Amino acid sequence: MTTSPLQTAGRFVGQSVKRKEDPRLVTGHGRYVDDVTVPGMLHAAFLRSDVARGRITRLDVAAARECSGVHAVLTAADLNDRPAGPMLPSMFADGSQGISAPVRPLADGDVRFVGDPIALVVADSRYVAEDACELIEVEYEPLTAVVDFERAADDTENLVHPELGSNIASTMATPPDAALDEALSRAAHVVTETFYQQRQTPTPMETRGIVAHWDPYAAALRVWMSSQNPHEVRRTCARILGVAESRVRVVQQDVGGGFGQKYFMPRDEMTVVLASHLLGRPVKWIEDRRENLLSSNHARRDRATVTVGVDADGRIVGARIEHLEDSGAYANGGTGGTGMFVAMMFPGPYRIPRLGWSTTAVWTNTCGRGAYRGPWMMETVAREEMMDVVARAIGLDPLEFRRRNVIGRDELPYATASGMVYEHVSPSETLEQAASLIDYDGFRSRQAEARANGRYLGVGLGLYIEPQAGMGALGVEAANVRVEPDGTVNVFVGSGSHGQSLETTVAQVVAEHLGVDIDAVAVHQGDTDVAPFGGGTGGSRSGPILSPAARQAALEVRDKAIRIAAHLMEAAPDDLEIDGGVISVRGTPARSTTLAQVATTAYQQSDLLPPGMEPGLEVISRYKAPPVMYSNACHACTCEVDAATGHVTLTRYVVSEDCGVMINPMVVEGQIAGGVVQGIGGVLYEQIVYDDEGNPLTTTFLDYLVPTAAEVPVIEYGHVETPAATPGGYKGMGEGGAIGSVPAVFNAVADALAPLGARVNRLPLGPSEVLAAIEAAPAR
C-alpha cells in the first residue's frame with residue numbers, strides 16, 4: 001500500500017519508471033568481478049590467522065611453494081615494504097583525521113584478530129591456491145586477547161596495537177555544562193538507561209573481489225573491483241604503488257550490494273594489487289562467504305548510556321549520552337569511529353534544549369569496524385528506545401510523549417543543542433501519517449483486548465532525521481551529458497551504484513530536463529577513464545548531490561540545443577521547446593527540427609552554428625552541495641510475542657518517508673524495503689559472536705542468521721514530499737530504512753513485554769533473549 005500525493009511529479013521525475021538495469025540483472029546477465037577473465041590471470045587465496053592475538057614463532061611456506069601450479073607464496077617479508085604510501089582511505093592518509101591502526105599488507109611477527117592475513121598464495125587456480133594454503137605451517141605463542149570492548153580502554157597490559165600505546169582509538173566529549181546539570185536537577189523526572197547494539201556485518205549478496213593487472217611494460221595498472229567508489233580505489237592504488245593516478249584505470253561493473261562495506265578500498269584488495277605489481281601478472285581474488293563473515297568488516301557494536309530529564313508536562317529539558325564503540329583491530333576507514341556523529345545527531349527530531357555527550361572508540365582483537373548502512377545509527381537506536389523507556393516511566397503513551405516534543409514545521413529553521421540546523425523537514429507530519437496508517441489508537445484497543453485473553457501484542461515507533469553530508473569530497477558530484485549525432489544521449493557520472501537504480505533515476509532526471517524520451521538516455525558509471533571524478537555512492541548522496549549535477553548538465557545542454565535550433569530556424573530561443581527529442585515553436589509544432597539534426601550540426605556542420613559558439617553538444621557540470629542536508633521518516637511496527645517460546649511475529653509494518661521530490665517512487669520504496677529488512681534482521685536475528693578468547697562462532701549462514709521473505713511482513717508506505725532547497729528538491733534516503741526500523745521493531749517487542757514486567761535493553765531479541773527477559777522479570 002502506498003499513500004502519496006505526488007504533487008511534484010513530472011513526465012519522468014516522480015514516475016515509477018521500470019528499472020533499466022532489470023533486464024540484465026534479473027535474467028542473470030549482469031557482469032560482476034568474478035566474471036572478469038584476463039589472459040595469463042592467476043588466482044589468489046589468503047592464509048588467515050586462527051588465533052586472535054599472538055606472536056608468530058614459526059612460519060614455513062616451503063611445501064606450499066613447491067606445490068604444482070603455485071607461482072608465489074607471499075609473506076610479510078615479500079610485501080610489507082612495498083607500499084609507497086599509507087594503506088588507508090584517502091581522507092585518512094595524511095593523518096589529519098586522527099589515529100589509525102597500523103595497517104600492513106600481511107601479519108608480521110604477530111596476529112591481531114582471527115582472520116588476520118598471514119600469507120597470500122598465488123596459483124593457476126583458486127583450488128590450487130587453497131590446497132597450498134593448507135601446506136603452510138604456522139606456530140603461535142598465544143597472548144591474552146582483548147575481546148570485551150567495555151574493558152578494553154582500561155586494559156593497559158594487553159594492547160591490540162602496541163605501537164599506539166593504548167587501546168583507546170579516539171575519545172571526545174563536551175565540556176562541563178552547569179546549565180545542563182541544573183536542568184536535570186530541576187526536572188520532574190530523570191530517567192537513565194543503558195542500551196546495547198550487537199555486532200553485525202553487511203553480508204552483501206556478492207562478496208568482495210578484485211582483479212588487479214599490473215603491466216610492467218606499459219607501467220600501468222588496471223583494476224576490476226566490486227566497489228562503491230571507483231575513483232577512491234584509483235587514488236588508493238596510485239598511492240600504495242607510488243605511481244601517477246593517470247597510470248591507474250579502475251572499472252566497477254555490476255555490484256551485488258555493498259551497504260558501506262565496499263566504499264573504501266579494504267586491506268585485502270590492496271594486498272592483491274601489491275602482489276600483481278610484484279609479479280607483473282594479473283591476479284584475481286574473490287572472497288568466500290566464510291572470509292566475508294570473518295574478516296571483511298563488522299559494525300554496530302555500541303553501548304550508549306542515556307539520561308533524559310522531563311518536566312511535569314512531559315517535555316524534555318535536557319539529555320546526556322555516553323557512547324562507547326568497538327573499532328575492532330583494523331577499522332576499514334580510519335578508526336571506524338562514528339561517535340561524533342552519534343552525539344551530534346542524538347537530538348534527532350525533538351526539542352532537547354541542553355545536551356551533553358561523550359564518545360570513545362576502542363581497539364579490540366576482533367574484525368575491524370567499517371561502514372554499514374547508517375553507520376551512526378546508534379543515535380536513533382538509543383534515542384528512540386529511550387523515548388519509550390521515559391514514556392513508560394512517567395506514565396505517558398509513547399506516541400503522546402513524542403507529540404509533546406517533536407519539532408513542528410512552524411519552528412523551522414530549528415537549531416539543535418548540538419549545533420545542527422534543520423530546514424525543509426517534516427518530522428511531525430511523518431509521525432502523524434505513520435500513526436494513522438498503523439491505526440495506532442485502534443491497535444491500542446485491540447491490544448488491551450488481546451492482553452485480557454493472555455496474548456502479548458506490541459507497537460513501536462522509530463522517528464528520525466537522516467543527514468546527508470555535503471562536505472569535502474563528499475559534497476561535489478559531476479555529470480557529463482553528451483548528445484550524440486543521432487540524438488541519443490550518453491550520461492557519464494562518477495558514482496558507484498550497487499543497487500541504487502542510478503542507471504534509471506539519473507536517466508529520468510536527464511530525460512525530464514533535456515526534453516527527450518527516457519529510452520534515448522544511457523547512463524555510464526564505474527570506469528575512471530571515462531567517468532568524471534566523483535565521490536562514489538554512499539551516505540545517501542545520489543539523490544541530493546548527483547541528481548542536481550545531472551539536472552544542471554541536462555539544462556545546460558538543452559539551453560545550447562535551443563540556441564542552435566533558434567539560429568537554424570530563425571526563431572527566438574524563448575519561443576522554442578523540446579519534447580520527445582523534437583524542438584518546435586511553442587504553439588506551432590509544424591515549425592520544428594530534431595535534437596539529432598541539431599547535434600549533427602553541432603558536430604559536423606560547425607560553420608552553421610551561431611557566431612562564437614563552440615562546436616559540439618556536450619556539458620560537464622559539477623554541483624557543490626550545502627554542508628548538510630536532511631530527510632526524515634517515521635517507522636511504525638506491530639508484533640505479537642509468544643511468551644511461552646519467545647518467538648516474535650511482526651504483524652504490520654508502516655513507513656512514512658519524506659525524501660523531498662521523489663525521482664522514482666518505486667525505487668524509493670525499494671530502498672526503504674531493503675533497509676527495513678536489514679533492520680528487522682538486526683533486531684531479531686543477526687549477531688556476530690566471539691568467545692572470550694576472540695574466536696568467532698558465527699562464520700556461516702547456519703549461525704549468522706539473516707531474515708528471509710518468510711519473516712518479513714508486507715511493508716506499507718506513506719509519503720510526505722518537502723522539497724529540499726537544492727536544484728530539483730531531491731533528498732537522500734538510502735540509509736534511513738535501516739536506521740528507523742531497528743528502534744521501531746525493538747520498541748514493539750518491548751511494548752508487548754511490558755505487562756510481564758520484562759526489561760529489554762540489548763540487541764538482538766531472539767527467542768532465547770526474550771525468554772530470558774521474561775524469566776528475569778519481577779513477579780507480578
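**View 1. Glycine 580 takes a positive phi near 65° in the hairpin of S23 and S24, which has 2 residues between the strands.** The model is predicted: local features need pLDDT of at least 70, side-chain atom pairs count only at pLDDT 80 or more, and totals for chains, interfaces and linings use all residues. Residues are numbered from 1 along each chain as its sequence is written, and side-chain values use heavy atoms, with hydrogens and water left out. Strands (E, at least two residues) and helices (H or I, at least four) are DSSP runs numbered from the N terminus. S23 (residues 576-579) and S24 (residues 582-585) run antiparallel, joined by 4 bridges; two strands pair if DSSP finds at least two bridges between them. Aspartate 579 has valine 582 as its bridge partner in S24. Buried means under 20% relative accessible area, exposed over 50%, and partly exposed in between (1.4 Å probe, protein chains only).

**View 2. Strand S4 (residues 70-74) is largely enclosed by the rest of the structure, because 4 of its 5 residues are buried.** S4 and S6 run antiparallel, with 4 bridges between them. Alanine 72 stands opposite valine 122 in S6.

**View 3. Phenylalanine 113 and tyrosine 330 form an edge-to-face pair.** The structure holds 5 aromatic pairs. Ring centres of phenylalanine 113 and tyrosine 330 lie 6.3 Å apart, with the planes at 65°. Rings of Phe, Tyr and Trp (its six-membered ring) pair if their centres lie within 6.5 Å; planes under 30 degrees apart count as stacked, over 60 as edge-to-face and the rest as tilted. Phenylalanine 113 lies in the loop between strand S5 (110-111) and strand S6 (117-123), and tyrosine 330 in the loop between strand S15 (316-328) and helix H9 (339-345), so the pair ties together parts that are 217 residues apart in sequence. Both phenylalanine 113 and tyrosine 330 are buried. Arginine 267 lies over the face of tyrosine 330, 4.5 Å from the ring centre. A charge sits over a ring if NZ of Lys or CZ of Arg is within 6 Å of the ring centre and within 35 degrees of the ring normal.

**View 4. Tyrosine 422 and tyrosine 630 form an edge-to-face aromatic pair.** The separation is 5.0 Å centre to centre, with 80° between the planes. Tyrosine 422 is in strand S18 (residues 421-422) and tyrosine 630 in strand S27 (residues 628-641), so the pair links parts of the chain 208 residues apart. Tyrosine 422 counts as buried at 0% relative accessibility. Tyrosine 630 counts as buried at 6%.

**View 5. Phe92, Tyr263 and Phe264 form one aromatic cluster.**

**View 6. The charged end of arginine 762 sits over the ring of tyrosine 196.** The distance to the ring centre is 3.8 Å.

**View 7. Valine 51 lies in the loop between strand S2 (42-48) and strand S3 (54-60).** Valine 51 counts as buried, at 16% relative accessibility. The C-alpha atoms of valine 51 and asparagine 365 are separated by 9.6 Å, although the two residues are 314 apart along the chain.
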